[in-house]
Amino acid sequence: MRSLSAFLQARFLTSAAKPSDFPHEAGPELAFAGRSNVGKSSAINALCGRKRLAFFSKTPGRTQTINFYDLGGGARLADLPGYGHASAPRSLRSSWDALIGGYLTARHSLAAVVVLTDARRPLTANDCHFLEWLRPVQASRLVLLSKSDKLSRAERVKALASTRAVLDAAAITSEVMLFSSKNAEGVDEARALLEGWLRSRRAESPALEQK
């Protein structure tokens with residue numbers, strides 16, 4: 001019998017406003033990142049087959065915590081605060097940098113980082129800055145070009161090709177997929193890829209679950 005998808009078992013675990021609030025590492029984790037209001041919460045909900053598992057604020061830059069979700073079997077999903085919102089106070093942006101940086105550099109259980117970008121404006125300066133920040137992080141990467149339903153077929157092909165070209169030119173290794181929480185483009189494919197990475201990470205580091 002086929003096992004239940006880890007994403008379909010997702011449940012909220014806790015929120016962390018500072019590194020000392022992070023939950024004990026129990027297994028492989030997936031981190032989701034992206035610009036404010038890029039559709040990150042909608043993507044998480046689509047992958048988990050839920051409507052209101054991950055919440056979003058109508059005010060960009062409002063979320064100031066990392067929200068952790070249990071995926072079963074020790075696996076977790078970490079929803080990182082949106083980055084790159086220019087109107088946020090400098091002090092607040094600095095605290096976000098410290099929170100996100102503290103997570104990405106110290107989380108031994110991190111299996112993959114999913115970066116959400118808008119398919120209509122892929123890889124802005126803030127996205128490229130974040131991907132550069134990720135360069136030393138030992139985790140797989142997936143760039144999801146969200147809101148792909150808003151593009152024509154030709155525009156989707158162009159967005160995918162141009163994003164891959166930018167990543168190749170910067171020598172950044174990452175999978176890239178078109179994604180839409182509206183029409184489910186890329187949802188099954190992204191879910192399968194991420195679950196494969198979770199299985200691989202668990203097989204490579206079974207000791208994580210004994211920590």
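Where does Asn37 lie? Asn37 sits in the loop between strand E2 (29-34) and helix H1 (40-48). Helices (H or I, at least four residues) and strands (E, at least two) are DSSP runs, numbered from the N terminus.

Before going on, a word about what you're looking at. This is a predicted model, where local features need pLDDT of at least 70, side-chain atom pairs count only at pLDDT 80 or more, and totals for chains, interfaces and linings use all residues. Residues are numbered from 1 along each chain as its sequence is written, and side-chain values use heavy atoms, with hydrogens and water left out.

Now step back to the protein chain as a whole. It has five helices and seven strands, and if you read along the sequence they follow the pattern β-β-α-β-β-α-β-α-β-α-β-α. Of the 211 residues in the protein chain, 49% are buried, meaning under 20% relative accessible area, while exposed is over 50% and partly exposed is in between (1.4 Å probe, protein chains only). Take contacts (heavy atoms within 4.5 Å) between residues at least 6 apart in sequence: 76% of these join residues at least 24 apart.

Back to the loops, then. Most residues other than glycine have a negative phi. Asn37, though, has a positive phi, near 60 degrees, and Asn37 counts as partly exposed because its relative accessibility is 43%. Ala171 has a positive phi as well, near 55 degrees. You'll find Ala171 in the loop between helix H4 (153-169) and strand E7 (175-178). With a relative accessible area of 56%, Ala171 is exposed.
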